[in-house]
Amino acid sequence: MKSFTVLEGLVAPMDRANVDTDMIIPKQFLKSIKRSGFGPNLFDEMRYLDEGQPGEDCTQRPLNPEFPLNHARYQGASVLLARENFGCGSSREHAPWALEDYGFRCVIAPSFADIFYNNCFKNGILPVVLPEAAVEQLFQALYVEEGYRLEIDLEQQEVRTGEGQVFGFSVDAARKQCLLKGLDDIGVTLESAAAIRQFETRWRAQSPWLFDVIRKEQR
Amino acid sequence: MAGLTLYDKLWRNHLVDQREDGSALIYIDRHLIHEVTSPQAFEGLRLAGRRPWRLGANLAVPDHNVPTSREERAGGIAGILDQVSRLQVQTLDDNCRDFDIEEIPINDVRQGIVHVVGPEQGATLPGMTVVCGDSHTSTHGALGALAHGIGTSEVEHVLATQCLIQQKMKNLLIQVDGQLQRGVTSKDVALAIIGQIGTAGGTGYAIEFAGEVIRDMSMEGRMTLCNMSIEAGARMGMIAVDQTTLEYVEGRTFAPSGALWDAACAAWADLHSDADAVFDQTITFRGEDIMPQVTWGNSPEMVLPVNGIIPDPEAMENATQRSATIRALHYMGLKPGMAITDIQLDRVFIGSCTNSRIEDLRAAAEVVRGRQVASTLKQALVVPGSGQVKAQAEAEGLHEIFLAAGMEWREPGCSMCLAMNADKLGSGEHCASTSNRNFEGRQGIGGRTHLVSPAMAAAAAIAGHFVDVRTLQEHSA
Ligand code: SF4
């Protein structure tokens with residue numbers, strides 16, 4: 001996984017509440033068995049005027065001129081500014097994959113859905129929760145100033161504007177460390193293999209009906 | 001010391017390691033797998049040269065992509081017409097074979113929607129931790145299990161380590177007292193709760209549903225309710241184990257029997273919140289106040305009783321809410337002031353992991369019996385949640401009632417719930433659906449979904465528009 005330390009980048013708006021993962025990446029693209037290449041289909045139904053199909057070349061498709069990500073001023077954005085309950089709905093990890101593949105490394109919103117929030121950290125994306133008023137202020141600034149950029153510092157847990165304004169945010173320590181170092185969760189967990197085995201032995205003695213059921217188990 | 005909630009107990013029982021940074025390693029008893037969210041996880045294992053930690057903890061079944069028409073199903077995987085879908089189902093099959101994981105294949109009588117199959121097979125048991133790469137895994141909490149959806153990275157993590165890294169949630173008690181009116185079902189309870197607390201109301205919480213209405217509910221009803229927890233923002237919803245739970249579990253394929261059954265029951269007797277348990281928040285409802293519900297917008301919280309009137313955004317003070325309402329009315333093609341019962345329907349879908357169990361089909365059949373689907377309807381689909389539900393329904397003759405009324409009787413799968421197979425809405429079409437999400441495009445691009453209970457969907461199929469199912473039930477009584 002890519003690490004995340006400090007990101008300085010162009011900001012793009014997603015100005016609506018309850019953006020669900022079906023909107024972030026519509027279901028037809030879930031048929032892929034790969035984990036990359038979802039970027040061109042990010043927000044597919046809003047971004048294009050036709051119906052997208054998996055495996056199709058998106059460069060030839062008609063763009064929706066009203067959709068902000070299609071505007072010249074937001075090309076190359078790496079920070080997405082969003083509204084409340086971003087990422088609700090389906091647990092599909094294709095949503096953060098699509099955001100990451102498109103180029104977003106940070107999403108700022110007043111609140112996120114739990115599963116999506118969690119999935120972001122597994123994919124090198126930092127979800128930042130800021131108070132509603134702060135998000136509103138950033139939206140206003142973003143609309144006024146073309147080329148609006150923000151600096152997001154995970155170590156310091158700060159979002160900094162060009163004018164030197166600073167918004168602190170919280171993030172739990174474990175997720176922060178993994179993201180800062182770009183650690184592979186599985187590798188970290190397997191360091192506790194002995195503890196897992198020990199738990200399993202005790203649990204099996206205590207609840208034998210949970211084992212040897214779907215199939216006979218060794219050990 | 002204060003008592004523990006059900007969630008606290010399940011958490012404690014599965015805690016492998018509490019870390020200083022506040023995260024915890026939680027042991028996973030059952031991992032359910034389907035074709036959409038698993039290929040990249042298996043690929044990850046392969047790339048890292050890892051094997052599954054405990055094969056016997058996993059059970060796989062294809063559901064999202066499988067076709068539901070008999071002709072297309074007859075050819076098995078090779079017969080799936082959409083080649084991208086076929087590849088995904090084939091990939092699940094291949095991965096299960098390569099990694100030696102138990103799979104219920106496409107045309108096995110036990111095949112069905114993973115959240116219907118798990119409890120039905122006894123693969124989900126009280127006191128378990130259950131995960132699946134699907135947000136409606138919350139369904140399994142109805143059995144007194146700690147069950148929630150995970151992303152694909154976590155699917156890989158569970159396969160490789162039998163654990164998840166978790167942060168403990170807060171406790172939310174949703175208490176539904178009193179009794180439900182006749183014709184009001186657990187789906188209506190779920191929608192009424194979401195209507196009040198909103199789709200983010202449960203974010204950060206584990207919900208426990210309790211109260212007289214829940215105690216009186218069947219297991220099927222409880223599963224419908226827990227299924228919709230995620231629509232209220234909570235990753236998990238759960239219900240204490242009681243006699244209803246035990247009666248449901250006993251005798252299922254993977255459930256314990258004999259002396260093990262007795263030992264399990266003794267352990268499960270503790271699976272309820274202590275009388276002095278402390279919840280971070282408690283919300284109370286009265287069963288008598290809940291009417292049959294219908295959603296009108298593109299979020300499950302945009303819901304009204306069937307006698308309701310479409311709201312006027314101009315009367316809303318909150319700007320975000322106003323713009324969301326304007327957007328939803330536009331997408332749904334509805335006008336403020338219109339009665340819910342005036343919404344004309346094009347299709348009806350009875351199915352999905354929310355409402356495709358035998359009790360749901362019985363409720364729908366009871367309304368449909370001896371009646372005809374409205375001539376204005378293009379299609380009314382009934383899709384059982386599993387092969388076993390289908391067989392049971394056929395043994396009871398329910399399929400004949402549906403067919404005689406002009407409805408279609410299909411093979412089990414997710415079907416029109418998310419339209420990954422051929423079952424979908426056309427643009428602009430209104431659908432009365434027993435599924436769980438009314439998001440834009442969920443059932444097909446431009447499709448307009450209204451979430452309802454199976455009885456309400458059946459009544460809507462007969463009338464061609466929404467009606468209070470109780471008027472039909474009175475008629476037939
Ligand atoms: S029935 Fe619908 S909600 Fe349930 S698992 Fe299938 S697609 Fe998901």
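Me: Which side chain of chain A meets that of Asp100(B) in a salt bridge?
Reply: This is a predicted model, in which local features need pLDDT of at least 70 and side-chain atom pairs count only at pLDDT 80 or more, whereas totals for chains, interfaces and linings use all residues. Residues are numbered from 1 along each chain as its sequence is written, chains are lettered from A in the order in which they are written, and side-chain values use heavy atoms, without hydrogens and water. A salt bridge requires a side-chain nitrogen of Lys or Arg within 4 Å of a carboxyl oxygen of Asp or Glu. At 3.2 Å from N to O, the partner of Asp100(B) is Arg215(A).

Me: How many salt bridges are counted between chain A and chain B?
Reply: Contact, meaning heavy atoms within 4.5 Å, joins 60 residues of chain A to 84 residues of chain B. Between these two chains the count of salt bridges is 8.

Me: How much area do chain A and chain B bury between them?
Reply: Buried area is the accessible area (1.4 Å probe) that two parts lose on being put together, summed over both. Of the area buried here, 58% lies on carbon and sulfur atoms, and the total is about 5900 Å².

Me: How far apart do the C-alpha centres of domain 1 and domain 2 of chain A lie?
Reply: An automatic or database domain assignment provides the bounds, giving domain 1 (6-182) and domain 2 (184-219) in chain A. The distance between their C-alpha centres is 37 Å.
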